[in-house]
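Subject: Structure handover

Hello,

Please find the structure below. My notes on it follow.

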Amino acid sequence: MWASYSDSVSAANETTVTDMNLKCARVICSAAKMIDVWRNIVRFIGATCLLVTVVSAVGCSNTSGSSGPQLVERSHASMGSELRLTAWTADQAGAAAAFEAIFREFDRLEGLLSTWRDGSDIQRLNAAAGKHPVPVGTELREILRTARQVSDWTGGKFDVTFGVMSGIWKFDYQNQDGTIPDHNEVVRRRSFIDYRELEVDERSGTAFLRREGMVANLGGIGKGYAVDHARVMLRERGVRDFMIQFGGDMYAAGRRGDRPWRLGIQDPRGPANRIFAAMDVSDSTFSTSGDYERFFVKDGRRYHHILDPATGEPAVGCRSVTIMTSSATVADGLSTGVFILGPEAGMTLIERLPGVEGVIVGANNEVLVSSGLQGHLMLLASPTDAP
């Protein structure tokens with residue numbers, strides 16, 4: 001996933017369609033090139049890493065008494081992930097107040113969008129599947145419209161009705177037992193996955209799952225929507241230089257002092273604090289989907305939480321996908337859809353979509369970088385090759 005580059009040095013942290021020519025570059029770095037790039041990064045780390053760590057600590061504690069810009073950081077648990085907010089600002093009190101408002105907003109959104117919250121919009125939608133439409137808020141309708149667009153782009157590889165598979169595969173810390181579900185039950189459940197059977201009626205303000213037994217789940221797009229909310233709120237409150245990190249979704253705005261924010265992509269098979277690529281960014285959103293966060297290995301095969309709707313089983317073509325675009329909601333859904341599409345079809349889609357860029361690590365450990373990132377993404381090392 002994406003992480004601030006300085007943070008990744010010390011601790012891991014957990015983007016109208018017109019055709020364009022496919023300009024995907026398959027990047028396999030030679031040893032000599034790796035050494036040259038790594039030397040440049042080492043120079044950067046030596047010059048700035050300690051300073052960044054110290055400034056971050058001062059920003060968090062707010063004890064320096066300085067009136068100049070500092071880093072202000074806060075974190076909050078929401079939607080099963082850690083939300084980290086960072087701002088570079090001279091108004092530490094204003095930034096902290098804005099952060100608290102965002103934490104409250106995320107709690108409100110979780111109450112609407114979580115399948116685990118009694119009375120949430122998504123829970124009421126699922127309870128009425130095959131029976132009748134239900135009134136839902138503008139937030140859910142907006143997410144479902146975007147989800148429909150991403151589903152169309154990916155040929156249904158991204159599909160919010162995958163929720164019917166919840167519980168049959170056990171990847172979470174509280175239920176993981178390394179078991180493979182019964183194939184017949186997988187086949188039965190996957191027959192209920194079809195985003196085209198989910199209706200959204202803007203005039204009546206309702207949504208409807210047409211078939212009883214269908215289950216919608218926003219786990220692949222809801223966090224991105226929350227990040228889009230957060231960036232709007234920060235700008236409305238006068239915060240211009242900030243970074244939002246929420247699970248695999250991130251938005252960076254403005255600058256971190258006299259330089260852009262530097263973000264890194266985690267090595268899918270390396271140790272938790274290792275990145276294989278980095279880039280200076282500003283005013284961009286990123287989302288990473290990978291097979292290395294919620295998984296187990298059985299008989300030499302890795303089973304992970306990103307399921308292919310066509311098979312009901314974990315997708316096999318990629319190790320990680322990072323999407324960069326203007327909307328965090330779109331990036332969140334696309335990173336999942338491209339992951340399931342696989343490297344070739346996934347990169348073809350990325351190159352077709354205006355304003356979308358991406359980095360794919362395939363199952364064979366090959367790195368694919370979209371044309372718009374050529375000359376901007378720094379490859380620090382080849383990703384670790386392991387099952």
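Arg210 is partly exposed, at 38% relative accessibility. Here partly exposed covers the range between buried (under 20% relative accessible area) and exposed (over 50%), with a 1.4 Å probe and protein chains only. The side chain of Arg210 meets that of Glu199 in a salt bridge, 2.5 Å from N to O. Arg210 sits in the loop between strand S7 (206–209) and helix H7 (222–236), and Glu199 in strand S6 (residues 198–201), so the pair ties together parts eleven residues apart in sequence. Glu199 is also partly exposed, at 33%.

Some ground rules. This is a predicted model, in which local features need pLDDT of at least 70, side-chain atom pairs count only at pLDDT 80 or more, and totals for chains, interfaces and linings use all residues. Residues are numbered from 1 along each chain as its sequence is written, and side-chain values use heavy atoms, with hydrogens and water left out. Helices (H or I, at least four residues) and strands (E, at least two) are DSSP runs, numbered from the N terminus.

Confidence next. pLDDT is the predictor's confidence in each residue, from 0 to 100. The protein chain has a mean of 85, and 82% of its residues reach 70 or more. Treat residues 4–65 separately: pLDDT stays under 50 there. For that stretch the model has 120 contacts (heavy atoms within 4.5 Å) beyond four places in sequence.

Back to the salt bridges. The rule is a side-chain nitrogen of Lys or Arg within 4 Å of a carboxyl oxygen of Asp or Glu. The count comes to 21. Two further pairs:

- Arg235 and Asp283 meet at 3.0 Å, N to O. Arg235 lies in helix H7 and Asp283 in the loop between strand S11 (275–281) and strand S12 (284–290), so this pair ties together parts 48 residues apart in sequence. Arg235 is partly exposed at 32%, and Asp283 is partly exposed at 43%.
- Asp177 bridges to Lys170, with the closest N and O atoms 3.7 Å apart. Asp177 is partly exposed at 41%, and Lys170 is partly exposed at 27%.

Now the sheet that holds S6. Three strands form an open sheet in the order S5-S7-S6, with antiparallel pairing. Strand S5 (134–135) and S6 stand at the edges with a single partner strand each, so one side of each has no neighbour in the sheet. Two strands pair if DSSP finds at least two bridges between them. S6 and S7 are joined by four bridges. Asp201 stands opposite Thr206 in S7. Helix H5 packs on this sheet and touches S6 and S7; its direction makes about 130° with that of S6. Axes are lines fitted to C-alpha atoms, for helices over the stretch in contact, and angles run from 0 to 180 degrees between N-to-C directions.

H5 turns up again beside helix H9 (residues 343–352). Which residues of H9 are buried? They are Gly346, Met347, Leu349, Ile350 and Glu351. These buried residues pack against helix H5 (138–153), strand S17 (318–325), helix H8 (328–341), strand S18 (357–362) and strand S19 (367–369).

One last residue. Met378 is in strand S20 (residues 378–379). Met378 is partly exposed, at 24%. Met378 and Ala277 are 101 residues apart in sequence, yet 5.4 Å apart in space, C-alpha to C-alpha.

Best wishes
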